[in-house]
Amino acid sequence: AASTVAQAHVAHDFQDLFFNRVVAMSLAALHIVSRPPEVRGPALLSAAVPTAFLVASSAHPTSGIHRPRVGSKVVGGVLAAALLACTAARRCGRRRVRGARSAAGAGASCGGEIFIGIDFGTSGCRAACLESDGSLGDEASVAYGRDAGPKEWRKALHEVLMQLPRRSAAAAVCIDGTSATALLVGPGPSVGEPLAPPLMYDYACSREAVERCLAMVPSPAHVAASPTSTLAKVWEWQLGGVVPAGARLAHQADWLAALLHGGPLVTDYHNALKLGYDIEALQWPEWMLAERAVAELLPGRVATPGETVGHISAETSERLGLPQSCRVAAGTTDSIAAFLAAGTVEVGDAVTSLGTTLAVKLRSLTRVEDAASGIYSHRLGTAQWLVGGASNSGGGVLRQQLGDEAVAQLSARIDPERDSGLDYYPLPRPGERFPICDAALRPRLEPRPEDDALFLHGMLEGMARIEAKGYRRLEELGADPVRRVFTAGGGAKNEQWRRIRERLVGVPVQAAAWTQAACGSALLAKEGPALLG
């Protein structure tokens, strides 16, 4: 109505502040109601009232048209001020929640769709948003600790999404999780509640469970025969008698994605590898389907990573502010997400993820499998393989022994070109997956010198030797030789560690394009399966 009145009189005296104010009221009203609540409220409260007073106090002194009453001026001023305040709030809202914006994303525009990637690691989750032009936007993180379970994961998922100021513009979301972290969930057509504590990625199953796997798989070298495989965890549950009728298996990423779309559980062929999925034929093999105790728990659908598996449910949209038009994409594992974020392009390019654990991934034309060494290959598009493995060593040991702050301070005292003289195999507890698969392997952190800087030097060298041994083992089994290594994860920031690794691995080592796995998942949300090649 205000807009119609303005159009009728604006030709008579366009300069008159009254009618300018009416036009401003109309435009502001339309702008305000289109904004999400987190922008709309603060904008009105922070800027509307003082600006309204200034606008209302000015009037055209020579206009022959009757001047409005003070109340009308105030209303006009409020709405006009709200227009400016909403715009400012929207701009401010793009500031990153935590951490510094990358140089690539510093000039990104405020408008357009965003693509959200969420990485669920060992000790916390991170979210990253990509703009429609591919630049990095807002990021957020929530810590939950190693002993967290489904309750803490669900809470962290909600909290990390609520920290993203532009979540209402999300076009797609993709979640990655730790490989072979599995849940047993209740029956039903949609996402079920966990029936037992999750079995984590590094959980080594009993000998009986491993023997059941070996009796099924076509070769003892099969990745599903490993003590930490998802298939071994299925047998751990079955032998423990904790599987009720109608129960289903869900990987960590599957379950979290289903919380968002509210539909049936769907897995992806990266997470399904250690369960026994045939990633060449893209189907469950007959030897799995023939074993009823396993077949009854299998996910009903295996999607290509990045493929749309649903949309944000009405309940999720109401609770978290994501639009129902937002696609939920099939996820991947945390180490593959880190690989995708790194920007590798050629065969022989590798990515070492230095998070709580240490994972290596190498682009190869040859598929390699060796359960005895904890080595397996993921499908990477149609022509390449992602060969690698994950050690239980990594940043978790450093945090356990010294703490993050001490590691940062002590690193500055290390000469990375000199050998420490210490022969360590750093592990947080007994058990290793790669490049040695030995559930009983004990940590080797003795003798411990009095100087903590020397102790740290020895641990960093020990991890670099694990990394070097891993890449050598991949080549021995037929994978393409490593040409250069990109570094992802929190350890990518440690320059002394990078130089130690470059010396011991024997190839150039550099920081990845993006060091966080969440960025890889965001790329997968944006590009879909085409990202894999």
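**A strand and its surroundings**

Tutor: Let's start with strand S15 (residues 484–488): four of its five residues are buried, so the rest of the structure largely encloses it. Keep in mind that this is a predicted model.

Who are the strand's partners? Strand S11 (residues 349–354) pairs with S15 in the parallel sense, over five bridges. To find the spot on screen, look for Ala350, which stands opposite Val485 in S15. S15 also pairs with strand S16 (residues 509–511), again in the parallel sense, this time over three bridges. Here the place to look is Thr487, which has Ala511 of S16 opposite it. Now follow the chain from S15 to S16: the path runs through helix H16 (residues 495–505), and this β-α-β crossover is right-handed.

Another covered piece is helix H12 (residues 334–342), where eight of the nine residues are buried. Click through Ser335, Ile336, Ala337, Ala338, Phe339, Leu340, Ala341 and Ala342 and you'll have the buried ones. Just after H12 comes Gly343, with a positive phi of about 90 degrees.

In soluble globular proteins, nonpolar side chains tend to be buried together. The largest nonpolar core here has 90 residues, and Leu231, Leu456 and Met459 touch the most other members. Helix H15 (residues 452–476) gives this core its largest share, 10 residues. Zoom in on Leu456: setting aside neighbours within four places in sequence, its contacts are Leu398, Leu402, Val407, Leu410, Ser411 and Ile414. A separate core of 41 residues lies apart from the largest one, and its members include Ala140, Trp153, Leu161 and Cys326.

Last stop: Phe115, in strand S1 (residues 114–120). Is Phe115 buried or exposed? Its relative accessible area is 8%, and since buried means under 20%, Phe115 counts as buried. What does Phe115 touch? Beyond neighbours within four places in sequence, its contacts include Ala128, Cys129, Leu130, Glu131 and Ser132, along with Ala171, Ala172 and Arg327. Ala522, Ala525 and Lys526 are in contact with Phe115 too. Take Ala522: it sits 407 residues from Phe115 in sequence, yet the two are 5.7 Å apart in space, C-alpha to C-alpha.

Key: Residues are numbered from 1 along each chain as its sequence is written. This is a predicted model: local features need pLDDT of at least 70, side-chain atom pairs count only at pLDDT 80 or more; totals for chains, interfaces and linings use all residues. Side-chain values use heavy atoms; hydrogens and water are left out. Helices (H or I, at least four residues) and strands (E, at least two) are DSSP runs, numbered from the N terminus. Buried means under 20% relative accessible area, exposed over 50%, partly exposed in between (1.4 Å probe, protein chains only). Contact means heavy atoms within 4.5 Å. A nonpolar core is a set of buried Ala, Val, Leu, Ile, Met, Phe, Trp, Tyr and Cys residues joined through side-chain atoms within 4.5 Å. Two strands pair if DSSP finds at least two bridges between them. A crossover is right-handed if, with the strands pointing away from the viewer, the path from the first strand over the helix to the second runs clockwise.
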